[in-house]
Structures are given as C-alpha cells and as structure tokens.
Amino acid sequence: MDQSEKDRLLKVVVCGDGASGKTSLCLRFAHETFDAAYHQTLGLDFFRARIILPGDVGVTLQVWDVGGQSIASSMINNYVSGADAVLIVYDITNKTSLEGAREWIESVKKIMKDSQVLPVLALVGNKSDLDDKRQVRVEAHNRFAEEEDLRPFYVSARTDGGSVSLLFKQIAAQVMKIPMPKAELDKEIVPMPAEATFTQDLPKRTPRVPGQNNTTVCSVM
Ligand SMILES: Nc1nc2c(ncn2[C@@H]2O[C@H](COP(=O)(O)OP(=O)(O)OP(=O)(O)O)[C@@H](O)[C@H]2O)c(=O)[nH]1
Ligand SMILES: [Mg+2]
C-alpha cells in the first residue's frame, strides 16, 4: 500500500477575488512553480499534495482552487461544503480584494452555519513581495482577521521563501490538532521585500450580477 493511502485526506478550499493569486498559491504549494501570466480559473481546479506533520504524521491535502467569479455561482455551496479548512485570499496591493474577502467569508459562514464541525478559517494576504505597492495596511489585515475570527497569514506565491508551504502546513496541523514546534511558528510569515517589480494589467473586479451565473465548471467530485 502506498504511504499516502493511509493518510487522512483533508479538503482545503481556497477562495477570494479573481487575480488575488489563489492558483499561484496552489501551484507554488503543489508544484513549486510560479507563472507570471494570469490565466483565469473557470469554476474550479484541483491540486493535491502530501505533507508530513510533526510526529511523522502524513496528510494528503486535496486543494480546491475556486475561481474568483464563482462567488456569483450556485455551485459555491458544493465547493465549500465539507471543507476541513477554507483559505480566504486577497491581494495586499489591491484594496478592493479585501472588500471581496469580506463577501467571501460571509458566504462561507452562511454555507457552514449548520455544519457540526466548522472548518479552520484563514485570511491570506498574498503578494507580500510587492510590499512597496501595498494598499492594505497590516493593521487593517489584523483587524479584519480578528473581527471575522480568521487566522492571519502573509505569503508570496512569487518569491515564496517557504511562506506558502508553511501556511498549508500550519493549517493542516490545526485541523489535525497537532501542535507545531515553536521554531516553525517563529518563522511566521512576515512581509518580504520586493526582489523586483513588474507591472501587469490585472482585470478589474467584475461586478456581481444577481441571479446570473457566468461560471463554467470544469469538474466536481
Ligand atoms: N508579484 C506577485 N504576483 C503574483 C503573486 N501571486 C500571484 N501573482 C500574479 O497575479 C496574477 C493572478 O494570479 P492567479 O493565481 O491566477 O489569481 P487567481 O486568484 O487564481 O485568479 P482567478 O483564477 O481569476 O480567481 C498572475 O499574473 C500571477 O502571476 C505573488 O505572490 N506576487
Ligand atoms: Mg485561479
């Protein structure tokens, strides 16, 4: 039997506004790659990776990468239901994406309100390599996380520096109720200086059209 077959399988759902960097975080985590080009996720995509937690506990994470446009889709219930953890991602260089994060968390909490076990919830400020273009102050990030009871993180899918794998590891450890060693926690996720900046025209947030589902779904298990 393959080692991973004995693992507990955790469902981790990654949501947040379009272009906040959800797919990039998944690619960094599962494939250790980064793509500077933007390819919008239509509906949903899946990633899978195995990690080892303290005590030699192997867990396999099935990561559900939800396209930013899906907030307007009725499929969002199916995506979020049964999640062990939900990561709400926003882009620290785009204030609107933090407002989007509020809509996402409200939506997730509504879907989860009757669940017996609530998922671990995290607020993930991505693109911390672009600190010079920051539009969301650290205080606003922390306040938001506190108000909504989210565990706060900063990461960069681009420069990484271990922040992305540590994020997933810490979330998985919390789901599994396994304490992380202090040395690991001390590495906590600080904004990193920019290596170099590049400009790119990112799409503006598409306004929500009530009752309209403009999402294409690739596959749902
Ligand atoms: N500088 C920098 N750019 C990033 C980072 N993460 C993502 N990007 C870029 O931001 C753009 C959007 O990233 P995606 O990962 O496709 O965003 P998404 O949230 O999956 O977007 P949707 O699929 O539309 O929901 C891409 O051009 C990425 O290369 C980061 O940490 N730093
Ligand atoms: Mg995507």
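This is a predicted model: local features need pLDDT of at least 70, side-chain atom pairs count only at pLDDT 80 or more; totals for chains, interfaces and linings use all residues.
Q: Do β2 and β3 pair in the parallel or the antiparallel sense?
A: The pairing of β2 and β3 is antiparallel, over 10 bridges. Within it, arginine 48 has glutamine 62 of β3 as its bridge partner, and aspartate 45 stands opposite aspartate 65 in β3.

Q: What about the hairpin of β2 and β3, and which residue there has a positive phi?
A: Three residues lie between the two strands of that hairpin, and glycine 55 takes a positive phi near 90°.

Q: How do β1 and β3 pair, parallel or antiparallel?
A: Strands β1 and β3 are parallel partners, with seven bridges. In this part of the sheet, valine 12 stands opposite valine 63 in β3.

Q: Moving along, how many bridges join β4 to β5?
A: Seven bridges join β4, residues 85-91, to β5, residues 120-126, and these two strands run parallel. One pair is isoleucine 88 with leucine 123, its bridge partner in β5.

Q: Why does the length of α5 agree with its number of residues?
A: At 1.5 Å a residue, its 14 residues should span 20 Å, and the end C-alpha atoms of α5 are 20 Å apart, so the two values agree.

Q: Is α5 mostly covered or mostly exposed?
A: Helix α5 is mostly covered, with 10 of its 14 residues buried. Among them are Val164, Leu167, Phe168, Ile171 and Val175, and also Lys169 and Gln170.

Q: Let us change topic. Where is asparagine 126?
A: Asparagine 126 belongs to strand β5.

Q: Why does asparagine 126 count as buried?
A: Asparagine 126 is buried because 29 other C-beta atoms lie within 10 Å, and the cut-off for a buried residue is 20 or more.

Q: What does asparagine 126 touch?
A: Not counting residues up to four places away in sequence, its contacts include Ser20, Gly21, Leu25, Val89, Tyr90, Asp91 and Val155.

Q: And how far is asparagine 126 from phenylalanine 153?
A: Asparagine 126 and phenylalanine 153 are 27 residues apart in sequence, and their C-alpha atoms are 8.4 Å apart in space.

Q: Finally, the ligand. Which residues come nearest to ligand 1?
A: There are 24 residues around ligand 1, and Gly18, Gly21, Ser24, Thr41 and Gly68 come nearest.

Q: Which helix gives the most to that shell around ligand 1?
A: Helix α1, residues 22-31, gives the most, with three residues.

Q: How do the residues of the shell around ligand 1 divide by type?
A: The shell around ligand 1 has six nonpolar, 13 polar and five charged residues.

Conventions
Residues are numbered from 1 along each chain as its sequence is written. Chains are lettered from A and ligands numbered from 1 in the order in which they are written. A residue is near a molecule or strand if its C-beta atom, placed from the backbone, lies within 6 Å of it. Helices (H or I, at least four residues) and strands (E, at least two) are DSSP runs, numbered from the N terminus. Ala, Val, Leu, Ile, Met, Phe, Trp, Tyr, Cys and Pro count as nonpolar, Asp, Glu, Lys and Arg as charged, and the others, Gly among them, as polar. Two strands pair if DSSP finds at least two bridges between them. The expected span of a helix is 1.5 Å times one less than its number of residues. A residue is buried if 20 or more other C-beta atoms lie within 10 Å of its own, exposed if 12 or fewer, and partly exposed in between; C-beta atoms are placed from the backbone. Two residues are in contact if their C-beta atoms, placed from the backbone, lie within 7 Å.
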